[in-house]
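Have the sequence and the model open as you read.

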There are 2 protein chains.
Amino acid sequence: MTPIELQGQAAKSASRVLAVASTGLKNAALEAIAQALLAHTDDILAANAQDMAAVKASGMSVSLQDRLALNEGRIRGMAEGARQVAALPDPIGAVTRESVRPNGLRIARRRVPLGVIGIIYEARPNVTVDAAALCLKSGNAVILRGGKEAFHSNQALTEIMRAALADAGLPADSVALVQDTTRASSTELMNLTEYLDVLIPRGGRGLIRAVAANASVPVIRTGEGVCHTYVDRAADLEMACRIVQNAKCSRPSVCNAMECLLVDSAVAGEFLPMMVPYLDEYHVELRCDERGKAILGDRAVAATEEDWDTEYGDYILAVRVVDGVQEAIDFCNLHGTGHSEAIVTDSYSAAQKFLDEVDAAAVYVNASTRFTDGGEFGLGAEIGISTQKMHARGPMGLEELTSSKFVVYGDGQIR
Amino acid sequence: MTPIELQGQAAKSASRVLAVASTGLKNAALEAIAQALLAHTDDILAANAQDMAAVKASGMSVSLQDRLALNEGRIRGMAEGARQVAALPDPIGAVTRESVRPNGLRIARRRVPLGVIGIIYEARPNVTVDAAALCLKSGNAVILRGGKEAFHSNQALTEIMRAALADAGLPADSVALVQDTTRASSTELMNLTEYLDVLIPRGGRGLIRAVAANASVPVIRTGEGVCHTYVDRAADLEMACRIVQNAKCSRPSVCNAMECLLVDSAVAGEFLPMMVPYLDEYHVELRCDERGKAILGDRAVAATEEDWDTEYGDYILAVRVVDGVQEAIDFCNLHGTGHSEAIVTDSYSAAQKFLDEVDAAAVYVNASTRFTDGGEFGLGAEIGISTQKMHARGPMGLEELTSSKFVVYGDGQIR
């Protein structure tokens with residue numbers, strides 16, 4: 001067996017123990033992890049320094065370096081995150097449907113863990129602890145495959161968590177880190193059907209698409225966000241300015257940020273000039289269709305076809321003038337990634353139509369798309385935002401890391 | 001675009017209409033389909049006669065011919081099936097979670113259709129109507145890819161349904177039949193990610209495994225069943241005999257039939273000889289491990305390693321003696337397909353342990369595995385029995401053909 005197959009086998013075996021571990025034991029393990037992270041802060045920082053030295057030498061961009069860097073505050077944040085997950089309700093064991101059939105069979109559908117979850121992610125080492133904590137609390141074993149830039153940091157974090165798990169009385173193999181950070185290990189995970197129940201890629205669009213296209217293991221696609229805001233003729237235009245500014249500028253790098261503004265032609269002449277100062281504050285580049293550019297003149301550049309399908313992740317906004325809510329809906333459904341879409345309107349019928357007909361994980365009336373987030377939605381924590389329709393859609397909390405089984409109590413029934 | 005891409009595009013467009021169609025309209029369309037099937041019985045029988053002539057000439061086995069053959073009674077059954085689906089509750093639109101956040105955002109999770117469902121299936125033409133009815137009621141468009149043996153029958157059924165849909169005011173493209181029945185069309189469907197939201201293979205193990213391994217479209221695996229029954233030392237042995245007979249013999253070709261009997265070594269010497277007459281009635285071949293064969297002598301043949309992983313679908317039973325419930329659980333988890341597993345026992349602790357630790361869609365105490373079925377579980381109808389953990393597990397009814405979206409009502413919230 002390959003090293004990854006051995007990790008898979010060990011994780012599967014650990015998952016059998018985790019599946020029936022009590023809430024108290026899982027919470028104690030999370031607390032042990034939190035304490036161990038704090039106690040080993042120096043070791044983690046030393047490992048992180050190795051990673052940082054390598055990426056500085058390789059000339060990685062400062063913003064990527066910042067995502068990789070750890071300090072005492074960030075380690076405290078990881079420990080705090082593990083404790084927050086411990087404080088969440090345990091999703092496992094709940095009966096979500098139960099009936100007694102005419103023949104006397106009692107049939108209950110019980111929530112159970114998925115089993116073994118694989119996570120392929122990029123440079124942020126905090127994902128290592130966040131993801132492990134959420135998987136543990138939901139009774140799943142996890143195989144982590146982080147990026148090579150963060151390898152030493154991830155390795156230190158994983159070893160600390162494994163030791164803490166063993167101390168708490170759960171299998172160390174509940175959490176494993178893939179040691180090979182070449183493309184070969186991702187490919188192997190994508191086809192590890194014997195041991196992996198699901199694979200969640202977290203990172204850029206290229207990573208996610210490659211995993212979804214090539215994996216034999218079931219995949220949950222997360223975090224691709226070409227999000228629209230549509231400003232309807234019946235909008236409160238002042239409110240629309242604030243929402244557009246927030247959706248575009250509050251954190252442009254994240255997946256729930258707006259990439260494309262749609263404006264009803266009935267109000268475009270009034271709204272677009274009104275909106276410009278809000279975006280000037282952040283020096284947002286505007287890429288407009290012809291009608292938009294006719295209104296905004298030199299403030300905008302001409303959009304190309306490619307702009308309508310681009311997730312900028314930056315202070316750039318595509319702008320398009322549309323003739324009413326139907327055209328806005330059709331445009332969202334054609335060019336959106338099924339993440340988050342918003343309408344700003346005071347028209348009851350336009351709002352209902354948009355909510356009903358736009359096909360996305362989250363659809364908003366009169367609010368910023370930036371709220372699509374596990375914490376903001378009240379799920380407590382999230383492992384990602386699913387943009388697919390199967391299994392889970394939108395922010396994924398602990399319940400979305402579970403499956404179910406039917407438990408049937410008989411007294412000799414035959415069919 | 002290829003013919004299948006054109007069908008995909010048309011189905012996606014139809015799915016937008018279906019997603020917001022009222023329950024009344026969908027039910028009226030199902031009733032129109034039922035009436036049209038009855039009114040066109042002669043056309044369906046004529047098409048079926050073409051298929052039957054071809055398979056008779058090709059020397060297809062009589063049991064497969066029987067699966068393909070239609071008559072007035074079977075057509076009435078299809079029409080009745082469509083009416084039964086109409087009578088089921090509409091899963092679409094229900095709010096499954098709702099909260100008002102501290103900032104005043106009202107967030108509701110609403111049940112919505114998956115979109116466009118692809119179904120690849122083998123020779124039984126009744127699947128054409130069953131699957132279409134379930135997809136329609138759950139607001140999904142469906143692209144059907146049946147086997148070549150049933151092509152004329154499927155074509156006649158599909159044309160009748162499409163005309164009935166149009167008469168009822170829904171898009172004819174809500175239901176489509178792939179015209180190419182070569183392997184190329186299956187391969188194309190497996191990669192039709194732009195239009196298909198999910199692909200459900202229904203048929204033999206080879207088909208299901210090939211689709212799961214090769215599809216880029218999300219797949220729901222259904223109907224692979226290597227099911228076990230474990231007779232514990234604390235079993236009522238008379239009850240165990242009846243359950244074993246029923247699980248093996250009542251319909252051995254289906255996926256919830258038992259393939260392997262596990263017997264506790266503490267009672268094997270008493271139970272196995274007691275059970276033989278129940279299986280003699282059906283001339284069941286027994287393939288035993290060494291300990292079982294020592295008890296059953298010439299009534300059994302020696303099992304090979306392959307037997308422990310074989311879905312016979314026939315009057316053949318693998319038999320193995322195990323040392324207690326833990327070994328039984330481990331054996332089920334290693335060799336089962338995650339479909340249905342049963343324990344026969346009067347031991348509370350053995351029963352609980354088996355229910356907790358066996359990892360399968362349905363786990364039984366003191367009942368036949370043959371009950372794993374949408375109708376028997378009270379779901380009304382089923383599109384298949386999922387043996388995977390993601391999205392749906394066990395019998396899949398209308399709810400399992402849905403996804404969700406978060407609908408968020410704001411009054412200007414920004415983050």
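## Helices H6 and H7 of chain B

In this predicted model, helix H6 of chain B covers residues 126–137 and helix H7 of chain B covers residues 151–168. Their axes come within 10 Å and cross at roughly 30°. Angles under 35 degrees count as roughly parallel. H6(B) and H7(B) are therefore roughly parallel to each other. The crossing of H6(B) past H7(B) is right-handed.

Which residues meet here? From H6(B) come B:Thr128, B:Val129, B:Ala132 and B:Leu136. From H7(B) come B:Asn154, B:Leu157, B:Thr158, B:Met161 and B:Leu165. By class, six residues of this contact are nonpolar, three are polar and none is charged.

## Helices H2 and H6 of chain A

Helix H2 of chain A (residues 23–39) packs with helix H6 of chain A (residues 126–137). The two axes come within 9 Å. They cross at roughly 165°, which makes H2(A) roughly antiparallel to H6(A). This crossing of H2(A) and H6(A) is right-handed.

H2(A) brings A:Thr23, A:Lys26, A:Asn27, A:Leu30, A:Ile33 and A:Leu37 to the contact. H6(A) answers with A:Val129, A:Ala133, A:Leu136 and A:Lys137. Six of the contact residues are nonpolar, two are polar and two are charged.

## Helices H3 and H7 of chain A

Helix H3 of chain A spans residues 41–58, and helix H7 of chain A spans residues 151–168. They pack at an angle of about 160°, with their axes 7 Å apart. Angles over 145 degrees count as roughly antiparallel. H3(A) and H7(A) are therefore roughly antiparallel to each other.

On the H3(A) side, the contact uses A:Ile44, A:Ala47, A:Asn48, A:Gln50 and A:Asp51. On the H7(A) side, it uses A:Phe151, A:His152, A:Ser153, A:Ala156, A:Leu157 and A:Ile160. The classes are six nonpolar, four polar and one charged.

## The interface of chains A and B

How many residues of chain B are in contact with chain A? There are 73 residues of chain B in contact, and they meet 73 residues of chain A. The two chains bury about 5,800 Å² between them. Of that area, 50% lies on carbon and sulfur atoms.

Charged pairs also span the interface of chain B and chain A, with 14 salt bridges found there. B:Asp359 and A:Arg16 join side chains in a salt bridge, at 2.9 Å from N to O.

## Salt bridges over the whole structure

Searching the whole structure gives 54 salt bridges over all chains. A:Glu72 and A:Arg76 form a salt bridge through their side chains, at 4.0 Å from N to O.

Where do A:Glu72 and A:Arg76 lie? Both are in helix H5 of chain A, which runs over residues 72–87. A:Glu72 and A:Arg76 are four residues apart, about one turn of the helix.

Definitions and conventions. Residues are numbered from 1 along each chain as its sequence is written. Chains are lettered from A and ligands numbered from 1 in the order in which they are written. This is a predicted model: local features need pLDDT of at least 70, side-chain atom pairs count only at pLDDT 80 or more; totals for chains, interfaces and linings use all residues. Side-chain values use heavy atoms; hydrogens and water are left out. Axes are lines fitted to C-alpha atoms, for helices over the stretch in contact, and angles run from 0 to 180 degrees between N-to-C directions. Helices (H or I, at least four residues) and strands (E, at least two) are DSSP runs, numbered from the N terminus. Angles under 35 degrees count as roughly parallel, over 145 as roughly antiparallel, 65 to 115 as roughly perpendicular and the rest as oblique. A crossing is left-handed if the near helix is turned anticlockwise from the far one by less than a right angle, and right-handed if clockwise. Contact means heavy atoms within 4.5 Å. Ala, Val, Leu, Ile, Met, Phe, Trp, Tyr, Cys and Pro count as nonpolar, Asp, Glu, Lys and Arg as charged, and the others, Gly among them, as polar. Buried area is the accessible area (1.4 Å probe) that two parts lose on being put together, summed over both.
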